[in-house]
Amino acid sequence: MSAVLVIAGSDCSGGAGLARDLHTLARFRTQAMCAVTAVTAQSDSGVTAVYPVPPDTVRAQIETALATGRVGAIKIGMLGTRAIALAVAACLPAREQVPMVLDPVLASSSGAALLDAGGREALRENLVPRATLVTPNIREAAALLGTEPATTEEELLRQARAWLALGPAAVLIKGGHGSGSEAVDLLVSDGRSPRRLVASRTAKTQRGTGCALASGIAAGLAAGLELGDACARAKHHVLELLQQGH
């Protein structure tokens, strides 16, 4: 059985990060491997402490997991620092060998920074070009492009095209932080028409939905699903989480 290697930070409350990733992979009956990038103390009310793991330790975890030969996909979440982002980039296989889903985590739901300025640059220059899929939300997409958040679907599409120019095979801009009655995620890749993943917008919110989506997509890719189908299945899982409220 192919496993998903999750490269991310821990969340002691279980709402996001590795805890949410592992919950999601269990939901899809996918084996998980982990490389911890940071230990955080956080809850629904905020982040109280962040302790980055030494970059050499992060790299050792990744290399050891890859050496098993069982990694069928990689999911990258919180990185924390430039040094960790560069350490991760240095030991990743080519996306043609192992598909990689990159969730560009910049801040917690409460607004606490989870990636420093140098880390943002390293993510954009060293990891985004390596990704099979990048999954920014509206705010992350704009922040890493140095522009204002999109307010229309046309603006989202333009920003998705700008992301493709950075080198990933595809980008999924998540519309959960948008407005209107529908939450529209846009999946864009070269040579294909954009795919709209649409759901009715709900007033319910929950931490860790971005983690769940990216991990769910990675689970689909590890199982051999086509990218669009993996995205649609993972989005359905996130909607279930919101409806269940846990």
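This report looks at one helix face, the cysteines and a helix pair in a predicted model.

## Ground rules

In this predicted model, local features need pLDDT of at least 70 and side-chain atom pairs count only at pLDDT 80 or more, while totals for chains, interfaces and linings use all residues. Residues are numbered from 1 along each chain as its sequence is written, and side-chain values use heavy atoms, leaving out hydrogens and water.

## Helix α4

Let's start with α4, which spans residues 117-127. Helices here are DSSP runs of H or I with at least four residues, strands are E runs of at least two, and both are numbered from the N terminus. G119, A122, L123 and L127 are the buried residues of α4 (buried is under 20% relative accessible area, exposed over 50%, partly exposed in between, with a 1.4 Å probe and protein chains only). Seen down the axis of α4, these buried residues fall within an arc of 105°, so they line one face of the helix; the arc is that of the directions from the helix axis to the C-beta atoms. A117 and E125 are exposed on the other side.

The buried residues of α4 pack against β4 (71-76), α3 (82-90), β5 (100-102) and α5 (138-145), with contact meaning heavy atoms within 4.5 Å.

## Cysteines

How many disulfides does a search of the whole structure find? The search finds zero, taking a disulfide as a pair of cysteine sulfur atoms within 2.5 Å. For C34, the nearest cysteine sulfur is that of C211, 12 Å away. For C91, the nearest is that of C34, 15 Å away. C34 counts as partly exposed because its relative accessibility is 34%, whereas C91, at 11%, counts as buried.

## Helices α7 and α8

Residues in α7 (209-222) meet residues in α8 (227-244), with L213 and I217 among those on the α7 side and V238 and L241 among those on the α8 side.

Methods:
Axes fitted to C-alpha atoms, helices over the stretch in contact; angles between N-to-C directions.
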